[in-house]
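Work through the exercises below with the model open. Each task is followed by a solution in steps.

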Amino acid sequence: MSDPANTAGPDWGQITRDSAFAALIAFGLFVLMLGFKADQSLNNQLVLVFRPELLASTVALVFIGRFLIGYWQSRKVEGAAKKKAPSKWAQKAEKYGLPAAVGFLVAYPIFILVTVGPSGAIKWIDNFGIQILIYIMLGWGLNIVVGLAGLLDLGYVAFYAVGAYSYALFATSEPIKDFMAQLIGEGFWQAWAFWICLPVAGILAAFWGVLLGFPVLRLRGDYLAIVTLAFGEIIRLVLINWVEFSNGYAGISSIPRPSFFGIPFNASDEGFAAKFGLEFTPIYRTIFLFYVILALALITAAVSMRLRRLPVGRAWEALREDEIACRSLGINTVNTKLTAFAIGAMFGGFAGAFFAARQGFISPESFVFLESAQILAIVVLGGMGSLLGVVIASIMLVGGVELLRELDFLKAVFGDNFDPAQYRMLIFGACMVLMMLWKPRGLISVREPSVFLKEKKAVSADLVKEGHG
């Protein structure tokens, strides 16, 4: 027999009242922030400009959003006994989605060149392609620590900074440049500096990951999050105040760019364009950087998938599910935690070295806590332990923010002074709330066992005890 509570249909009156109440709260919150804007008159006097259209549209969106959420919640079937097995779509997305995404990324620069031409391709390849791939790589690196080992890390940006500053200092330090010039030749060092320093940056970041792991061996949950957050802030403050080492707020500039097997991307006769008989344009360097970060990200994914099937990967998952049971099985939790921190930090160091080479300039302002929060949000929203979920979440969060800069047509609705990019954090928070209501386990919430007997069956993450992975 069916449950009458599930067949009676939604309570439209209650849903409407809840929506109206949410709209009233939104009006009280936004009437001063959005309804009024402080401006300066011609007489240098402060005046308040009333913006009723923006306030009304915001309140209306809150009402509609709360109405849809209420309707969805009224139709949602509750109870563990009625939870369904993972859908075939979710299983196929996890199985075939990643190869399809890789194929699309390989063809992405060519597709953009054909679509918008060389003049407009730099923005789409750099701001969207390279920027998103950097966060995908960072998300996959943090996924080892958070998604597989279950260790909440709020200071992951520290390893990102260690990798960036390691490459920048090694590549721009005069004593090191002189030593390497005598050892392997000045020309060879200038051409291959990035490729020589890249593994060094990863090793140093892994070393700092081990240093972070030792003090937090007995911590889990909120306490671990607080300590890792403090570690990230300590690294940033050291970079700001140790001026002799890091140049403080001024940062480090003139960082060498990667070369194509020793061929630089410049306008000289020895440059890439001259070597291959092409007209010089910055698009060649941008495409090359795109494929470099794509290769680094794919290496991160391949290593993650391989490690997950090895004993150390199964130890991470056992640690994530239940540390006490993990100890009872004889697993060395000290080594398990340290390997998770070290390997995750190593990939963060690789991404940091690439970031420094791509920008040519770094400063402590590039490694604030907000970066750690965004990387962690990518892992959580994508689905803990899911590689494809990290890809989707990175495209949504990073690419979505970049798309806001392209919505200039909204100025015709809200006025010439309206900048959609200013509301990126508001939209980011709204997406977080909606995701926690709709998919609290992430976009891809299907778990496939690393070891199985006879048949490999995907398990829905809803069946995992709340708070344990």
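**Exercise 1.** State how the lining of the largest cavity divides by class.

Solution. Step 1: the classes are nonpolar (Ala, Val, Leu, Ile, Met, Phe, Trp, Tyr, Cys and Pro), charged (Asp, Glu, Lys and Arg) and polar (the others, Gly among them). Step 2: the lining of the largest cavity has 11 nonpolar residues, no polar and no charged ones. This is a predicted model, in which local features need pLDDT of at least 70 and side-chain atom pairs count only at pLDDT 80 or more, while totals for chains, interfaces and linings use all residues. Residues are numbered from 1 along each chain as its sequence is written, and side-chain values use heavy atoms, with hydrogens and water left out.

**Exercise 2.** Locate the largest cavity and give its volume.

Solution. Step 1: a cavity is a set of points, on a 1 Å grid over the protein atoms alone, where a 1.4 Å probe fits but cannot get out; lining residues have an atom within 4 Å of a point. Step 2: the count is 2 cavities of 30 Å³ or more. Step 3: the largest holds about 70 Å³ of space, where volume is the space filled by probe spheres set on the points, and grid points are joined across faces, edges and corners. Step 4: of its 11 lining residues, Leu-105, Leu-133, Ile-136, Trp-140 and Val-391 lie nearest the centre. Step 5: α4 (88-148) and α11 (283-309) are the elements that give two or more residues to this lining, and α4 gives the most, with 7. Helices here are DSSP runs (H or I, at least four residues), numbered from the N terminus.

**Exercise 3.** Describe the lining of the second largest cavity and the surroundings of Leu-229.

Solution. Step 1: the second largest cavity has about 30 Å³ of space. Step 2: its lining includes Leu-154, Gly-155, Leu-229, Glu-233, Phe-369 and Ser-372, and divides into 6 nonpolar, 3 polar and 1 charged. Step 3: α8 (221-241) and α15 (369-382) each supply at least two residues, with α8 giving the most, 3 residues. Step 4: Leu-229 is found in helix α8 and touches Leu-154, Gly-155 and Phe-369, not counting residues up to four places away in sequence; contact means heavy atoms within 4.5 Å. Step 5: the C-alpha atoms of Leu-229 and Ser-372 are separated by 8.7 Å, although these residues are 143 apart along the chain.

**Exercise 4.** Go through other salt bridges of the structure, which holds 5.

Solution. Step 1: Asp-126 and Arg-358 form one, with the closest N and O atoms 2.8 Å apart. Asp-126 is in helix α4 and Arg-358 in helix α14 (residues 333-359), 232 residues apart. Arg-358 is buried, at 9%. Step 2: Arg-308 bridges to Glu-317, the closest N and O atoms being 2.7 Å apart, and Glu-317 is buried, at 11%. Step 3: Glu-323, Arg-327 and Lys-337 are linked in a network of salt bridges.

Notes
1 Å grid on protein atoms, 1.4 Å probe; cavity = no way out; pocket = protein on both sides within 12 Å on 5 of 7 lines; lining within 4 Å. Salt bridge = Lys/Arg side-chain N within 4 Å of Asp/Glu carboxyl O. Buried < 20%, exposed > 50% of the residue type's maximum accessible area, 1.4 Å probe, protein only.
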